[in-house]
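Visitor: I'd like to learn how to read a two-chain model, feature by feature. Could you walk me through one?

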Amino acid sequence: MSDKPDGARGKCTEPGCTFADDGRCMEGFANPLECPHFAADSEANPSAGSTPGEAPDPTPRAAVDWVRFPAGEDLTVTDASAITRRLLARVVVVAGEAESGKTTLLASVYDRFQQGPCGEYSFHASQTLPGFERRCHLARLASGRHTPGMERTKLPVRFLHLSVARTDIPSFPQELLLADLSAEVCEQIRDSTEACQSHNFLRRADHLCALVDGEKLRDPTQRGGAVAAAGSIVRSVMDAGMLSSSAHVHFVTTKWDIVHRDDATEEFLAETERTLKTRFGSRVRQLRCWRVAAPARKLEESGACHALSDLLSHWATDTERPSWPRWCGRNTESDREFDKYLDRYFAAVERGSS
Amino acid sequence: MSNGTRLHLLVGLAGSGKTTFLAALWHVVESGELATELTLTALHGDRSHVNSIRESWLACEKVHRTRLQDKHEIRMKLARGDSTSPDEFIFPDMSGEAFGLAWKDRRWPRDFDDLVRSAHGLLLFVHPDVVEATPIEVAEAVHEELADLDPPSLDEETPPDVPWNAELCPTQVQLVELLQFIAARRSSTVPLRTAIVVSAWDLVSRQRVEPDEWLELRLPLLAQFLRSNSRKYEVGVFGVSAQGGRLDDESERTRLAKSIHHSERVLVRHAGDDSHDLTKLLAWATE
């Protein structure tokens, strides 16, 4: 006859545990509430984390002194600002229409490191490993899918952190903050100067990548719109005064694996790229055009498209290295006088440089 | 912690071989069957746990998994060569589940944190049966290769997506995060001497790769992380078979059980050399 501890109503989620039958915890906890696999029935136990950004308490526990780590999911603009204050980080903004491949591009750059160094760069660190993993999941066999998919970006602006180091200079990492924007935010940036100016992180972009949906290039009725959308995003950011004079602009045609064999499309794209360079090239420090097929490594090896490793290399090395961490917004978290002084100082610097 | 006391943490996911290693190590140093780099100078402290796991190991039984609630600490006084000044090695024997939960729940207990902050060395265990990040395009490529054999269409059945959860993540990602957590909690500027122990090495040894080559091939993200974080981790890679063979193969188990000197079941591969001496790892860790 089972003799369950008082108040310990719930069930164990660990396969093979006999708690339900005999009240004995497989992990040896006298009080099952202490076992991390035990899901208590009580509605009174809150599951929210103690501070923002930290992982929430998964199940109620008896009092245990825990050391907690950040959730590792996406970084907010505030989180990203904290990183740019501490480290010399390059901000890469990837913008484009819905389904153009923004998240796939970012996830693929990270996922490439799972197979080995990405070109001349090795993986050094990341503060958002769960964030990357969540994005990569639907493109892996573990998802149970037959064809790769991607979770739609729901939150407006989130950052992923990736630290990479040249394989021949491993001790000097380059920090990258990769902005994953929702399609809605991209539309706002494209359609409204005011909305564009409200996204202060754009000022901090070292690289602005406007995506052209390669799949739409195959359809003559859609390809003009696809190119115009990418051009409009870049124009809007420039005209709103949000693009730093040192920022690099990239037009990235995605899904090249389904486009590259079509000569007419290749010709159209080549002409489009010439036009974009003519239109924007004189207004930015550097403008490049890319054709990528994020999961299709064979195409990279055959030279049919650009390698993700080349794009990563430009993100990590191009642009002037700032001599001082650049201001990315007011630090509302600190009451320290020195932090308030820095906010006033950098705000004045930014006003002076724009 | 007093001078001459060396705390070595054994870290690794569930089933990676930490407790089996400890059982075999205890036998190697206590039995005196082999000449070893480090020798046991004296018995001391409570040895009930280590003797119990050793018993299972000698019987060629699978050593019982360490439960989350179990908190054992194994202590050995080991000295080099003719030295009369032994170092006391402390090995907390913790459940591998705890490390998986640290990745999933993003926390660990304060008492474990204290160990992390004061550790002199780390043994990171990896079982060769790793979970990999296999892209779907691999299945598509296989399907194309098999096209002539008329395989069933991949589109015929559309199963529901398996939702993401942290436990599905590749082994190397979980281990990298664990090492990032450890580095974040330590204040020492001296790199932590870390032995990467590829356990069940008998499963790998037929492939004729060295342990560090295996790491590059099967856990490339972890290999890159360790190379580019050499200021935090000073690394050596060892292939270790603490059992000496497969216990689920009855004939092999019988062969192992008939060993006269069970220490000779143990296989250690490092820097091109083979040995039975598990203390080589500890000797390396204390160089």
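**Across the chains and into the sheets**

Guide: Let's start with one residue pair: Val67(A) sits opposite Trp108(B), which belongs to β5(B). Keep in mind that this is a predicted model.

Visitor: Which strands does that pair belong to, and how do they run?

Guide: β3(A) is joined to strand β5 (residues 107–109) of chain B by three bridges, and the two run antiparallel.

Visitor: How many residues does each chain bring to the contact?

Guide: Chain A brings 57 residues and chain B brings 50 residues.

Visitor: What about charges? How many salt bridges are there between chain A and chain B?

Guide: Side chains of opposite charge can pair when their charged atoms come close. Between chain A and chain B the count is one salt bridge. Its partners are Arg110(B) and Asp65(A), at 3.3 Å from N to O. Polar contacts are a separate tally: 13 residue pairs between chain A and chain B, both residues at pLDDT 80 or more.

Visitor: Which elements of chain A supply the side that touches chain B?

Guide: At least two residues each come from β3 (66–68), α3 (102–112), β5 (121–125) and α4 (129–136) of chain A. β5(A) has the largest share, with five residues. By residue class, the side of chain A that touches chain B splits into 29 nonpolar, 15 polar and 13 charged.

Visitor: And salt bridges over the whole structure, how many?

Guide: A search over all chains finds 32 salt bridges. One of them is inside chain A, where Glu97(A) meets Lys216(A) at 3.4 Å, N to O. Glu97(A) is in the loop between β4 (89–95) and α3 of chain A, while Lys216(A) is in helix α7 (residues 214–217) of chain A, so the pair ties together parts that are 119 residues apart in sequence.

Visitor: Now the sheets. In what order do the strands of the chain A sheet lie?

Guide: In chain A, an open sheet of seven strands goes β5-β6-β7-β4-β8-β9-β10, with mixed pairing. β5 and β10 (286–291) of chain A are at the edges with a single partner strand each, so one side of each has no neighbour in the sheet. Neighbouring strands are turned by 30° against each other on average, direction ignored.

Visitor: Can you zoom in on a strand pair there?

Guide: β4(A) and strand β7 (residues 173–181) of chain A run parallel, joined by six bridges. Within that pairing, Val91(A) stands opposite Leu177(A) in β7(A). Chain B joins in too: its helix α8 (residues 220–228) packs on the sheet, touching β5 and β6 (157–166) of chain A, and its direction makes about 80° with that of β5(A).

Visitor: What is the strand order in the chain B sheet?

Guide: That open sheet has nine strands, ordered β2-β3-β4-β1-β6-β7-β8-β9-β10, again with mixed pairing. Its edge strands are β2 (38–42) and β10 (273–275) of chain B, each pairing on one side only. The twist averages 30° from one strand to the next. For a parallel pair, look at strand β1 (residues 5–11) and strand β6 (residues 121–126) of chain B, joined by four bridges. There, Val11(B) has Leu124(B) in β6(B) as its bridge partner.

How values were computed
Residues numbered from 1 in each chain as written. Chains lettered and ligands numbered in written order. Predicted model: local features only at pLDDT ≥ 70, side-chain atom pairs only at ≥ 80, totals over all residues. Heavy atoms only, no water. Contact = heavy atoms within 4.5 Å. Salt bridge = Lys/Arg side-chain N within 4 Å of Asp/Glu carboxyl O. Polar contact = N/O pair within 3.5 Å; in protein donor to acceptor, adjacent residues only side chain to side chain. Nonpolar A, V, L, I, M, F, W, Y, C, P; charged D, E, K, R; others polar. Pairing = 2+ DSSP bridges. Axes fitted to C-alpha atoms, helices over the stretch in contact; angles between N-to-C directions.
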